[in-house]
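Here is a short report on a pocket, a core and a helix. Start with the structure itself.

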Amino acid sequence: MEPVLKHMDLHAHWKPPPLFAIHVFRAIIYSIQSQNSYFVIQELINHLDSMSSADAVIRIGIATVLSNIVSIAGTSIGPLLLSIFNSLLKHLRTSVDFERSDKCKDSEAEKMYQEALINAMGDFANALPDYQKVEMMMFTVGNIPNLDEKRVKQGDEFLQHVLVKTLLKVATKYRTAYLATVFTDSFLHTLIQLALVKDPQVRLGTQQIFHTLLDRFVH
């Protein structure tokens, strides 16, 4: 994988829209045994790790490639589910912190990168069975900061907003015949807390999550 990644770097193939990179990585995944396709996903995430200080357009390109190939990898991702999802969430948090710092020269590009990561997580969720979608939602909820504090830092408010968007993206991919599977006490408690925060966008997103999950209840 290293020569392929190096080629993409040197020839600026990550630049959006990264059509060539998408075609190449799709071809790679289709050419290997399905149970090994998670390796390609992991290598791309590792490369994203190494590019954490690169221009936003490069990171957007890598995240877009991830978004386009995770559905092909399908359930082979299973063994590394939380590891991969945690890596994507970590990149999201890092981007949020960076956007709010003085070092960020292009906040719009950084927002586009965050959207690309959220889309990748949504497509990632879509490729998984429902019980693993629940794991992803619970994991996302566990990363939402400072819900018990009366005064929330501005950076944490922004992160709440981004993670609620992530949670909504995953929720849109979920269907269930048992509401109790997802509406556990801790999950409900967190949603209720989010419904009471100061940020109206977070409150709106929380209502959309409630409605989305209820709409996906299969009778």
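Helix α5 contributes most to the lining of the largest pocket, giving five residues. Helices here are DSSP runs (H or I, at least four residues), numbered from the N terminus. At least two lining residues come from each of α4, α5 and α6. A pocket is an open set of points on a 1 Å grid over the protein atoms alone, where a 1.4 Å probe fits, with protein on both sides within 12 Å along at least five of seven lines; lining residues have an atom within 4 Å of a point. Volume is the space filled by probe spheres set on the points.

| Largest pocket | Value |
|---|---|
| Volume | about 280 Å³ |
| Lining | 20 residues |
| Nearest the centre | Ala54, Ala56, Arg59, Phe98, Glu110 |

The model is predicted: local features need pLDDT of at least 70, side-chain atom pairs count only at pLDDT 80 or more, and totals for chains, interfaces and linings use all residues. Numbering runs from 1 along each chain as its sequence is written, and side-chain values use heavy atoms, without hydrogens and water.

Next, the helix α3. Its buried residues (under 20% relative accessible area, 1.4 Å probe, protein chains only) include Val40 and Leu44. Among the elements covering the buried residues of α3 are α2 (19–31) and α4 (56–73).

Phe25 is in contact (heavy atoms within 4.5 Å) with Val40 and Leu44, among others. Phe25 and Met137 have the most contacts inside the largest nonpolar core, which has 63 residues. Such a core is a set of buried Ala, Val, Leu, Ile, Met, Phe, Trp, Tyr and Cys residues joined through side-chain atoms within 4.5 Å. Helix α8 (residues 154–171) gives the most to this core, nine residues.

Terms used
Buried < 20%, exposed > 50% of the residue type's maximum accessible area, 1.4 Å probe, protein only. Lists of a residue's contacts leave out its neighbours within four places in sequence.
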